[in-house]
Amino acid sequence: MVSWALAVGATYLTENSTLLPTLILLGSFLVPAVFVLWAHERHETARTSGRR
């Protein structure tokens, strides 16, 4: 998320439209990556012990 925010800031400050593909690529990578991290974290907390 930080890299995307930095790319947005650089695009805004420089007003360079050639950086737009960078934003699109970073955004399209971040959504699945964050979902995988969320699913992994949820799987870790969903484990039950033998006592339960």
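**Figure 1. Overall view of the predicted model.** Helices and strands are DSSP runs, a helix having at least four residues and a strand at least two, numbered from the N terminus. By this assignment the chain, shown here as a predicted model, holds two helices and zero strands. Of the 52 residues in the chain, 8% are buried. The chain has an accessible surface of about 4800 Å², and carbon and sulfur atoms contribute 68% of that area.

**Figure 2. Close-up of helix α1.** Helix α1 runs over residues 2–14 and contains 13 residues. From the first C-alpha to the last, the helix reaches 18 Å, close to the 18 Å expected at 1.5 Å a residue. Directly after α1 comes Glu15, with a positive phi of about 55°.

Figure 3. Thr11 belongs to helix α1. Its relative accessible area is 12%; because this value falls under the 20% limit, Thr11 is classed as buried. When neighbours within four places in sequence are left aside, Thr11 is in contact with Asn16, Leu19, Leu20 and Leu23.

**Figure 4. Close-up of Glu15 in the loop between the helices.** Glu15 is located in the loop that lies between α1 and α2. The backbone of Glu15 has a phi near 55°, a positive value in a residue other than glycine. Most residues other than glycine have a negative phi. Glu15 has a relative accessible area of 72%; since the limit for the exposed class is over 50%, Glu15 counts as exposed.

**Figure 5. Close-up of Ser28 and a side-chain to backbone approach.** Ser28 is placed in helix α2, which spans residues 20–45. The side chain of Ser28 reaches the backbone oxygen of Leu25 at a distance of 3.0 Å. An α-helix has 3.6 residues a turn, so residues three or four places apart point the same way.

**Figure 6. Close-up of a nonpolar surface patch.** Phe35, Val36 and Trp38 together make a nonpolar surface patch of about 350 Å². One of these residues, Phe35, is found in helix α2.

Key:
Residues numbered from 1 in each chain as written. Predicted model: local features only at pLDDT ≥ 70, side-chain atom pairs only at ≥ 80, totals over all residues. Heavy atoms only, no water. Expected span 1.5 Å × (residues − 1). Buried < 20%, exposed > 50% of the residue type's maximum accessible area, 1.4 Å probe, protein only. Areas by Shrake-Rupley, 256 points an atom, 1.4 Å probe, with all protein chains shown as cover. Patch = residues over 30% accessible without salt bridge, like charges linked within 9 Å, V, L, I, M, F, W, Y side chains within 5 Å. Salt bridge = Lys/Arg side-chain N within 4 Å of Asp/Glu carboxyl O. Polar contact = N/O pair within 3.5 Å; in protein donor to acceptor, adjacent residues only side chain to side chain. Contact = heavy atoms within 4.5 Å.
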